[in-house]
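Me: I would like a close look at one part of this protein. Please keep it brisk and stay with the side chains.

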Amino acid sequence: MREALLERPAKAGDLLGRSLDNTFDIQGLIKDLKRHYIKKALTETGNNKTKSAEKLGLNNYQTLNKWMEDVGLKE
């Protein structure tokens with residue numbers, strides 16, 4: 001009952017244990033993951049793209065810019 005009342009962070013198993021039914025969309029899932037972690041990195045670095053790219057393990061901020069475009073985070 002206690003667990004039902006408290007919000008728990010998502011576990012890797014929740015992400016990796018999804019059913020491969022007719023509605024499964026791996027590209028959408030990857031896009032959601034990228035969007036989530038890009039936003040998180042930008043928040044943690046005060047929107048510094050160079051530092052965000054480093055946090056995400058990307059080569060440079062240009063790669064981050066491309067990822068941002070791909071997931072709809074760039075105007």
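How many residues apart are aspartate 70 and lysine 66 in helix H5?

Reply: First, the ground rules. This is a predicted model, in which local features need pLDDT of at least 70 and side-chain atom pairs count only at pLDDT 80 or more, while totals for chains, interfaces and linings use all residues. Residues are numbered from 1 along each chain as its sequence is written, and side-chain values use heavy atoms, with hydrogens and water left out.

Now the pair. Aspartate 70 and lysine 66 are four residues apart in helix H5 (residues 61–70), so about one helical turn separates them. Helices here are DSSP runs (H or I, at least four residues), numbered from the N terminus. The two side chains form a salt bridge, with the closest N and O atoms 3.0 Å apart. The term means a side-chain nitrogen of Lys or Arg within 4 Å of a carboxyl oxygen of Asp or Glu. Aspartate 70 is partly exposed at 33% relative accessibility. Lysine 66 is also partly exposed, at 46%. The cut-offs are these: buried is under 20% relative accessible area, exposed is over 50%, and partly exposed lies in between (1.4 Å probe, protein chains only).

Leaving out residues up to four places away in sequence, methionine 68 touches Ile38, Leu42, Lys49, Leu73 and Lys74. Contact means heavy atoms within 4.5 Å.

Lysine 49 leads on to the next helix. Lysine 49 belongs to helix H4 (residues 49–55). Its relative accessible area is 28%, so lysine 49 is partly exposed. Beyond its neighbours within four places in sequence, lysine 49 contacts Leu42, Tyr61, Leu64, Asn65, Met68 and Lys74. With asparagine 65 there is a side-chain to side-chain polar contact at 2.9 Å. A polar contact is a pair of N or O atoms within 3.5 Å; within protein, one must be able to donate a hydrogen and the other to accept it, and residues adjacent in sequence count only if both atoms are side-chain atoms. Asparagine 60 is eleven residues from lysine 49 in sequence and 8.4 Å away, C-alpha to C-alpha.

Next, the other charged pairs. The structure holds four salt bridges. One of them joins glutamate 44 and lysine 40 at 3.8 Å, N to O. These two are four residues apart in helix H3 (residues 26–44), so about one helical turn separates them. Glutamate 44 also meets lysine 55 in a salt bridge at 3.2 Å, N to O. That pair links distant parts of the chain: glutamate 44 is in helix H3 and lysine 55 in helix H4, eleven residues apart. Together, Lys40, Glu44 and Lys55 form a network of salt bridges. Glutamate 44 is partly exposed at 47% relative accessibility. Lysine 40 is partly exposed at 41%. Lysine 55 counts as exposed, at 51%.

Last, the rings. Lysine 34 lies over the face of tryptophan 67, 4.3 Å from the ring centre. A charge sits over a ring if NZ of Lys or CZ of Arg is within 6 Å of the ring centre and within 35 degrees of the ring normal.
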